[in-house]
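Me: I would like to go through this structure slowly and ask, for each label, what stands behind it. Could you set each value against its definition?

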Amino acid sequence: MSSHNIKRLLAVILAASVALCAFASCAKNPDAEDGGQKSDDKVTYGIPSVGVGRVSKTETPEKPPEKTGIVICIDPGHGFVDGGCGEGLLGELLEKDVNLAIAKLLDEDLRNLGYTTIMTHDGVNIPTWDTNGNKIFSATERVVYVNTLDIDYLVSIHVNSNSDTSVSGLWICYEQNARKVNDWSQGVAESISGAMTVNAVDVSKITLKNEYSLALTRETYAAASLIEIGFATNSSDAEKMLDPTWQSALAQSIADGIDDFFKGGDN
């Protein structure tokens, strides 16, 4: 065979080898066609990755090593002309009054533990995020406002009700989805539940609910819980809600649960 033909044959063999290697590489990475994004990777959804709690969705979420700089948003449910539930069930008070009382105690407890806090409202001044001026702060308005904040956790305080007056107990509702910038929602909810148990808060039962129907936990970017502290329609629950000592114990337990999570469970 002439040297010219030998060179052509070697070139053909080399080209075939390169093609074979490329095929083998693609076979080992079945996701190569979608830019190399592995099927078990978390996808980036364009959510800002700033602040202690703002991690990229392509990263593995980590608890902060210390609580310095962590910001907690506290949302007293309802408020102003929106009284919530409880009319005739909580004495002269409405749900909004109980929510605000516990939220203020929680704000104080978290600050005493070293956290920076933001209240969505103080029950007195009309927030600028009441965009339609009707003094009813819808879930949509709250979500829009909360998503402008650089926070690490959101906790919203509410009172429950049920047509069956025998239904009682406390619910901690959360949702983990692709919108969230971290994976803390369930973990903090469990930590709050644990702190309530350790502190022996007087509730008939504590229920953790991965709840998909609540806009405030579903649509917000930060990890979040909405805590239904009891049922106004249950006489035993309603009596506890009106007790300042119970309110204080509940608020402290929520704060302790948040603190336990962000400290990594070290007491």
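Reply: A residue is called buried when its relative accessible area is under 20%, exposed when that area is over 50%, and partly exposed in between, with a 1.4 Å probe and protein chains only. Helices (H or I, at least four residues) and strands (E, at least two) are DSSP runs, numbered from the N terminus. The model is a predicted one, in which local features need pLDDT of at least 70 and side-chain atom pairs count only at pLDDT 80 or more, while totals for chains, interfaces and linings use all residues. Residues are numbered from 1 along each chain as its sequence is written, and side-chain values use heavy atoms, with hydrogens and water left out.

Me: What makes strand β1 mostly covered?

Reply: Strand β1 spans residues 71-76, and six of its six residues are buried. V71, C73 and D75 point one way from the strand while I72, I74 and P76 point the other way, and all of them are buried. For C73 the relative accessibility is 0%, so this residue counts as buried.

Me: How do you know that β1 and β2 pair?

Reply: Two strands pair if DSSP finds at least two bridges between them. Between β1 and β2 (residues 116-119) there are four bridges, in the parallel sense, and in β2 the bridge partner of I74 is M119. On the way from β1 to β2 the chain passes through helix α2 (residues 95-112), and this β-α-β crossover is right-handed; that word applies if, with the strands pointing away from the viewer, the path from the first strand over the helix to the second runs clockwise. Strand β3 (residues 153-160) also runs parallel to β1, joined to it by five bridges, and there S156 stands opposite D75.

Me: Why is the pair of W129 and Y145 called stacked?

Reply: A pair of aromatic rings is described by the distance of the centres and the angle of the planes. Rings of Phe, Tyr and Trp (its six-membered ring) pair if their centres lie within 6.5 Å, and planes under 30 degrees apart count as stacked, over 60 as edge-to-face and the rest as tilted. A search of the whole structure finds eight aromatic pairs. In the pair of W129 and Y145 the centres are 5.1 Å apart and the planes at 15 degrees, so the pair is stacked. W129 lies in the loop between β2 and α3 (139-146) and Y145 in helix α3, so the pair ties together parts that are 16 residues apart in sequence. Ring pairs link F80, W129, F137 and Y145 into a cluster.

Me: What makes W129 buried?

Reply: The relative accessibility of W129 is 8%, so W129 counts as buried.

Me: How do you know that the charged end of K209 sits over the ring of W171?

Reply: A charge sits over a ring if NZ of Lys or CZ of Arg is within 6 Å of the ring centre and within 35 degrees of the ring normal. The charged end of K209 lies 4.5 Å from the centre of the ring of W171, and it is listed as sitting over that ring.

Me: Why is the contact of D75 and R142 called a salt bridge?

Reply: Side chains of opposite charge can pair when their charged atoms come close. The label needs a side-chain nitrogen of Lys or Arg within 4 Å of a carboxyl oxygen of Asp or Glu. For D75 and R142 the distance from N to O is 2.6 Å, and the side chains meet in a salt bridge. D75 lies in strand β1 and R142 in helix α3, so the pair ties together parts that are 67 residues apart in sequence. Both D75 and R142 are buried, and the structure holds six salt bridges.

Me: Which residues join R218 in one network?

Reply: R218 forms a salt bridge with E219, with the closest N and O atoms 2.7 Å apart. Salt bridges that share partners join R179, R218 and E219 into one network.
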